Amino acid sequence: MVFRGYDSRYILKENYDGDFLDRYFDGDADGSLYRARSPLGVGGPSGDLSVLSEDVDDFRLAYEKRNDREIDDLEAVVELTRLLAQRGMVDEEVFADQMEEVIDARQWARFFAVMATMTNRDGGIWNDSGEDYFLYRLPDDSGRASAGKWWLMAWDVEETFANSEERLFRPELTATRAFLTHPRFAAMYYEELDWIRRDVFARREMLRRFGIAYALHEPSDVFEIVDEVDAFVSRRLGYFDENVSSQLSGGAVSGAGGGELTIAGGAEWRFFRGLRAPSGGIRDWATLEYDDADWETGPSGFGYGDDDDATVLD
């Protein structure tokens, strides 16, 4: 945590290698793992997901293979950079569709949302540097929905909880912004920010985890540590409340001229009765890409028991 400097009691780094993949990706550890780097510093090759050149060999310094080194599949990384470079040169829907063929877009959106929530200010793909993160391409025969697609994984996280008013769209790298500012993926990003603030980063959830600090530190240090983090969480959640909209509100418009009709009474809707969980899990139905073709249709309003509903849910 940045307010304590580089205190080794706070950070445990697990080496990202084949053993890690076996543990974390149980059954899906045969993919390709690369560490992105900027080994020569400013002006040298960087793992910032930009197109370095037409020569695959030019990518080798920036992307270090960390598993199955005898298998050379760097061309898949090169292809990812080429697709990201197409933003603005192809139709927006085409760009998004092509990206979703090679990346787990939802996982990418959550990755950037987590980095923004914690305000990780160390240089990385989440702000202004092509290093300190890993790329993992799941095997093509994976049973996961993201089979054959790239995941992003963070590495350095010791400079976190630094600025509670850090802007939400932080990345400066062209390739990162090509993904994060696209309307389809920006919507996913906002959805993940909203989920994080209501779930794992909610103050009640964070308070439960402060017990770890009591186990790690001397009693004289604990209050300073817990209070600092708790204050950050409260301030960051307040910033989210001001900048991440999770609902629409509306009402009658007074005065001459009225307002603009958004949804007419009796408009046709797709609806789900909720007698069981919807397909795809408890949150998938709320995403823009969810397939609701099997849902019922009916006119609004919806309800029961008060004799004013066009579609009665008795």
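Q: Which residues lie nearest the centre of the largest pocket?
A: Those are Tyr 24, Val 114, Met 115, Met 118 and Val 157, out of 50 residues that line the largest pocket. Do keep in mind that this is a predicted model.

Q: Got it. What volume does the largest pocket have?
A: The largest pocket comes to about 1900 Å³.

Q: And which element gives the most to its lining?
A: Helix α4 does, with nine residues in the lining of the largest pocket. Other elements that each supply at least two residues include α1 (18–24), β4, α6 (183–198) and α9 (219–243).

Q: How does that lining split by class?
A: You get 34 nonpolar residues, five polar and eleven charged in the largest pocket.

Q: OK, what about the second largest pocket: how much space lies in there?
A: About 360 Å³ for the second largest pocket. It is lined by 14 residues, and closest to its centre are Glu 191, Asp 194, Arg 198, Ser 246 and Ala 286. By class, the lining of the second largest pocket has seven nonpolar, three polar and four charged residues.

Q: Back to α4. At what angle do α4 and α9 pack?
A: The angle is about 120°, and the axes of the two helices are 10 Å apart. α4 and α9 are therefore oblique to each other.

Q: Which residues meet there?
A: From α4 there are Ala 116, Thr 117 and Met 118, and they meet Phe 232, Arg 236 and Phe 240 of α9. That contact of α4 with α9 divides into four nonpolar residues, one polar and one charged.

Q: Changing topic: what's the strand order in the sheet?
A: The order is β2-β1-β3-β4, in an open sheet of four strands with antiparallel pairing.

Q: Why is one side of β2 and of β4 left without a neighbour?
A: Because β2 (63–65) and β4 (150–154) stand at the edges of the sheet, each has a single partner strand. From one strand to the next, the twist averages 30°.

Q: And how many bridges join β3 and β4?
A: Five bridges, in the antiparallel sense, with β3 covering residues 133–137. Phe 134, for instance, has Met 153 in β4 as its bridge partner.

Q: Which helix packs on the sheet, touching those two strands?
A: That's α4 again, residues 105–118, touching β3 and β4. The direction of α4 makes about 15° with that of β4.

Key: Residues numbered from 1 in each chain as written. Predicted model: local features only at pLDDT ≥ 70, side-chain atom pairs only at ≥ 80, totals over all residues. Heavy atoms only, no water. Pairing = 2+ DSSP bridges. Axes fitted to C-alpha atoms, helices over the stretch in contact; angles between N-to-C directions. Contact = heavy atoms within 4.5 Å. 1 Å grid on protein atoms, 1.4 Å probe; cavity = no way out; pocket = protein on both sides within 12 Å on 5 of 7 lines; lining within 4 Å. Points joined across faces, edges and corners; volume = space filled by probe spheres on them. Nonpolar A, V, L, I, M, F, W, Y, C, P; charged D, E, K, R; others polar. Parallel < 35°, antiparallel > 145°, perpendicular 65-115°, else oblique.
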